[in-house]
Amino acid sequence: MKKHNYSAGPCILPQEVFEKSAQAILDFNNSGLSILEISHRSKDFVAVMDEARALALELLGLEGKGYQALFLAGGASLEFLMVPYNLMKENGKAAYLDSGTWATAAIKEAKFFGETVIVASSKDDNYNNVPKGYEIPADADYFHCTSNNTIFGTQMKSFPKTNVPLVCDMSSDIFSRDLDFTQFDIIYAGAQKNMGPAGTTLVVIKEEIIGRSGRAIPSMLDYAKHVKADSMFNTPPVFPVYASLLTLQWIKEKGGIAAVEKLNNAKAELLYNEIDRNPLFKGAAVTEDRSNMNVTFLLNNSEHTETFDKMWKEAGISGLPGHRSVGGYRASIYNAMPIESVQVLVDTMQALEKAV
């Protein structure tokens, strides 16, 4: 039976990415060597890294606009540290929007470096919405936000206009919707939520903001060092970068981010319509901030939990339980999730309605 993978991350990837990755593990580029054992300095892998970096910028509409793309290790969690290290000046100040668990984690790291202002928080509402109506201090070294909150199922639909550098953690909705990416000075995203397997992190950085903090930065945490070394300051995560490249190629073949966004909108509309129509369910996030990537919802009557859990498991659905912070269910409908799988979940919800 086909499995319908709703895991929040590591996440579903296109079938052709699995197939090409599997072949590369056995024999990469007809070299007689596996992608797992080739030298990262070999011509074949340098070409992979160069293409992955260039294609990331191309898909984001940032090619030739003064940006650099890096594939680093350490996950988005390391970027929580690298961002203030590279952007917050000595005795400086950073502004953060607290919209969920990962935003809170980023704030914790920034506090090691200087004054960290939380401009707004939805913590008191258990992060069921994205804060609005806040002011960003004009003297902040940068403003940091999280575009999509995986755990709570909320998503920023717009971004503030500000004269300070704008930094965004896009780990769970990168390449899922068409935005004006030139508004951001740094974008970072762990690959494992929408782009590839766990093990690498995409960092897109505007060249003009590099090296302006005045701090002495350890080499491995210095964006300037990674840019100068073409994202190979040390041995990069070879296989995750390769699989991410395959996913970026798949997005381009689909027609780019704009084409993928149309599919994502259709999937989200299908599922949210059922949540709102079906009297047995309710959404966990406020309607205006609902995520198109992570759909969080609850049963109105917990007595139906055992029956529903049995039904969706029998339908071949996997990874549906919600995070303990919210409870209920979380359907992560990332780029590679086909709408047919979303229909299976909707059909199961309707079957529960008929059964009870």
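Start by selecting helix α4, residues 101-110, in this predicted model. Helix α4 lies across β3, β4, β5 (143-146) and β8, and runs at about 165° to β3.

Now colour the strands. Seven of them form an open sheet with mixed pairing, and the order to follow across it is β2-β10-β9-β8-β5-β3-β4. Which strands stand at the edges? Select β2 (67-72) and β4 (115-121): each has a single partner strand, so one side of each is left without a neighbour in the sheet.

Zoom in on β3, residues 93-98. Strand β3 pairs with β4 in the parallel sense, over six bridges. Show alanine 94 here, and you will find threonine 116 of β4 opposite.

Next, select helix α3, residues 75-87. What does helix α3 lie across? Its list is β2, β3, β8 (166-169), β9 (186-190) and β10 (201-206), and helix α3 runs at about 160° to β9.

**Looking for disulfides**

A disulfide is a covalent bond between the sulfur atoms of two cysteines. How many disulfides does a search of the whole structure find? The count is zero.

Two stops let you see this for yourself. Click on cysteine 11: the closest cysteine sulfur to its own belongs to cysteine 168, 18 Å away, which is too far for a bond. Cysteine 11 counts as buried, at 8% relative accessibility. Then click on cysteine 168, whose sulfur has its closest cysteine sulfur in cysteine 145. That distance is 3.9 Å, still too far for a bond, because a disulfide needs the two sulfur atoms within 2.5 Å. Cysteine 168 is buried as well, at 0% relative accessibility.

Most residues other than glycine have a negative phi, and most peptide bonds are trans.

- Proline 10 sits in the loop between β1 (4-5) and α1 (15-26).
- Select phenylalanine 175, in the loop between β8 and β9. Its phi is positive, near 65°, and the residue is buried, with a relative accessible area of 1%.
- Finish at serine 231, in the loop between α5 (223-228) and α6 (238-254). Serine 231 has a positive phi near 70° and counts as buried at 3% relative accessibility.

Notes. Residues are numbered from 1 along each chain as its sequence is written. This is a predicted model: local features need pLDDT of at least 70, side-chain atom pairs count only at pLDDT 80 or more; totals for chains, interfaces and linings use all residues. Side-chain values use heavy atoms; hydrogens and water are left out. Two strands pair if DSSP finds at least two bridges between them. Helices (H or I, at least four residues) and strands (E, at least two) are DSSP runs, numbered from the N terminus. Contact means heavy atoms within 4.5 Å. Axes are lines fitted to C-alpha atoms, for helices over the stretch in contact, and angles run from 0 to 180 degrees between N-to-C directions. Buried means under 20% relative accessible area, exposed over 50%, partly exposed in between (1.4 Å probe, protein chains only).
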